[in-house]
Amino acid sequence: MSKIYHVELKEPKDGKQHFYFGSRAAIYQELSRQEIGIALKSLTNNHKFADGDYTNKKCTIRLGYITRKKGNRGKKQINMGKKQITSERIDGPTPSGGDYSEIYYQDAAGNPIDKEKAVTAIIRECSVDGELINETFASLDS
């Protein structure tokens with residue numbers, strides 16, 4: 001399982017309210033301390049997510065886990081010397097009310113890349129019929 005931090009802003013930024021990150025530090029690559037109302041050091045030192053969500057007047061930060069099914073179902077593979085996982089589908093409810101998520105892994109230039117080398121990701125939340133409900137751009141830490 002991989003950790004994922006879900007930041008829900010009370011006031012949307014560029015029309016988006018939900019953001020997803022692979023670490024606490026990655027949050028601050030896209031959102032400023034002023035936008036979320038707490039500094040990284042304070043969030044790290046003063047809040048343990050085992051105790052629940054962090055909420056202030058600007059946002060709520062939740063810690064979740066992505067559970068991946070073993071095997072190749074839902075994974076797109078590209079053969080470039082070795083098999084790479086450049087995207088995957090996660091079935092189950094999403095924070096925006098979708099039925100499943102698709103995650104597309106990218107390098108700094110926005111090109112598909114193996115998830116182990118990815119620096120950004122696009123997370124698409126979709127309804128059961130494939131309709132896009134929410135799309136989030138995430139920064140990933142290695």
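What share of the 142 residues in the protein chain is buried? Buried residues make up 37% of them. Here buried means under 20% relative accessible area, with a 1.4 Å probe and protein chains only.

## The model

This is a predicted model, where local features need pLDDT of at least 70, side-chain atom pairs count only at pLDDT 80 or more, and totals for chains, interfaces and linings use all residues. Residues are numbered from 1 along each chain as its sequence is written, and side-chain values use heavy atoms, with hydrogens and water left out.

## Layout of the chain

The protein chain has three helices and nine strands. Both are DSSP runs numbered from the N terminus: helices are H or I with at least four residues, strands are E with at least two. From the N terminus on, the order is β-β-α-α-α-β-β-β-β-β-β-β.

## Aromatic pairs

Rings of Phe, Tyr and Trp (its six-membered ring) pair if their centres lie within 6.5 Å; planes under 30 degrees apart are stacked, over 60 edge-to-face, and the rest tilted. The count is two aromatic pairs. Y5 and F49 pair edge-to-face, with 5.4 Å centre to centre and 70 degrees between the planes. Y5 sits in strand β1 (residues 2-13) and F49 in the loop between α3 (40-46) and β3 (54-55), so the pair ties together parts 44 residues apart in sequence. Both Y5 and F49 are buried.

The ring centres of F19 and F21 are 6.5 Å apart and their planes are at 10 degrees, so this pair is stacked. F19 counts as buried at 2% relative accessibility, and F21 counts as buried at 1%.

Definitions and conventions
Buried < 20%, exposed > 50% of the residue type's maximum accessible area, 1.4 Å probe, protein only.
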